[in-house]
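Trainee: I have a model open and would like to learn how to read its features one at a time. Where should I start?

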Amino acid sequence: MLDQSVRTGTTAFRTHVDVDLGLGLDGISIVRDAFAQFDGALGLQIVAFPQDGVLRRPGVVDLLAQAAASGVEFIGGLDPAAIDRDPVGQLDALFDIAAEHGCGIDIHLHDGGELGAFELELIAERTERYGLQGRVNIAHGFAIVQIPESRRRDLLQTFGELDVTWTTVAPLRLPQLPLHELADARVDFAFGTDGIRDLWSPYGTGDLLGIAWQYARAGGVVRDEDLLRVVEIASSRAARFVGREVHDLVVGSRADIVLLEAENPMDALVRTPAREIVIGGGRLLHT
């Protein structure tokens, strides 16, 4: 998976690693070992991710606390209502751990409509109460595009004020996150990959430029300035999502460079040409 991602131009990762009662925390060590083989050429942040629920499996909360104490950058959660049937309980447990150990929260929300909106409100309230501004990310969060525009605008405004971020895999079967509404509310968002030869989907390639293309195409993005912004979301604007202040071709940046043949950034997005050269930390990784 790392090799495939590198070939398509990814040099810094925030990756979700399963934490469960069978595997324990071994997956975190395995992933760290895999990245170590690249001798520092790749950036890594880990989300300790409870794929099978937080509360419904006694002992998972303790595993997440152990993972946070061990230095993972984020702990995850998953559908507090649909999976654990206890939105308040799951979110309280996650925010308690994050506040105690100083890590962030990266939570997957698939619950839609009013239920999902209720969970979003709970997250916003706890972000402010626990002082976790700038350290909470919502992955998916489909409910935000399934509620009336006025309510969506108010929620996004709240998230912008709390510096809560968003990530999406741009699923084709659902409406896309609103590009301009997110920008107006100053909510940062980024692209991610999912469903890569796993139980959910065989179609993923690990190519974030491909995800950006999918988002733009499915969302009807056609104007040059909007296409350029989508490219930036997939590249320079993703800095904070991989633990960096700057992720661009400017003096002082880490030497992460991807070369491809295109007329301009918009052309690169609509054609998604092959990555000719990938450099991570000044080291040639793919050619």
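This is a predicted model: local features need pLDDT of at least 70, side-chain atom pairs count only at pLDDT 80 or more; totals for chains, interfaces and linings use all residues.

Trainee: Which side chain reaches a backbone nitrogen at the start of α8?

Mentor: That is D207: one of its side-chain oxygens comes to within 3.0 Å of the backbone nitrogen of L209. After α8 comes G220, which has a positive phi near 70°.

Trainee: Let me try the reading on another helix. Which residues of α3 are buried?

Mentor: In α3, residues 60-69, they are V60, L63, L64, A67 and A68. Their arc around the axis is only 140°, and therefore they are on the same side of α3. D62 and A69, on the other side of α3, are exposed.

Trainee: You mentioned β2. Which residue of that strand could I examine, and what does it touch?

Mentor: Take I46, which lies in strand β2. Its relative accessible area is 1%, so I46 is buried; the cut-off for buried is under 20%. Not counting residues up to four places away in sequence, I46 touches T15, V17, I28, V31, R32, V72, E73 and F74.

Trainee: F74 is in that list. What lies over the face of F74?

Mentor: R14 does, at 3.9 Å from the ring centre.

Trainee: How far apart are the C-alpha atoms of I46 and T287?

Mentor: They are separated by 27 Å, and the two residues are 241 residues apart along the chain.

Trainee: Next, a polar side chain. Where is H286, and which backbone oxygen lies 3.3 Å from a polar atom of its side chain?

Mentor: H286 belongs to strand β10, residues 283-286. The backbone oxygen is that of R275. With neighbours within four places in sequence left aside, the contacts of H286 are R7, R275, E276, I277 and V278.

Trainee: How is a pair of aromatic rings described?

Mentor: By the distance of the centres and the angle of the planes. This structure holds 6 aromatic pairs. In one of them, F159 and W166, the ring centres are 5.4 Å apart and the planes are at 85°, so the pair is edge-to-face. F159 is buried, at a relative accessible area of 0%, and W166 is also buried, at 0%.

Trainee: What are the distance and the angle for F189 and F191?

Mentor: Their centres are 5.8 Å apart, with 85° between the planes, and this aromatic pair is edge-to-face. F189 has a relative accessible area of 6% and is buried; F191 counts as buried at 8%.

How values were computed:
Residues are numbered from 1 along each chain as its sequence is written. Side-chain values use heavy atoms; hydrogens and water are left out. A polar contact is a pair of N or O atoms within 3.5 Å; within protein, one must be able to donate a hydrogen and the other to accept it, and residues adjacent in sequence count only if both atoms are side-chain atoms. Helices (H or I, at least four residues) and strands (E, at least two) are DSSP runs, numbered from the N terminus. Buried means under 20% relative accessible area, exposed over 50%, partly exposed in between (1.4 Å probe, protein chains only). The arc is that of the directions from the helix axis to the C-beta atoms. Contact means heavy atoms within 4.5 Å. Rings of Phe, Tyr and Trp (its six-membered ring) pair if their centres lie within 6.5 Å; planes under 30 degrees apart count as stacked, over 60 as edge-to-face and the rest as tilted. A charge sits over a ring if NZ of Lys or CZ of Arg is within 6 Å of the ring centre and within 35 degrees of the ring normal.
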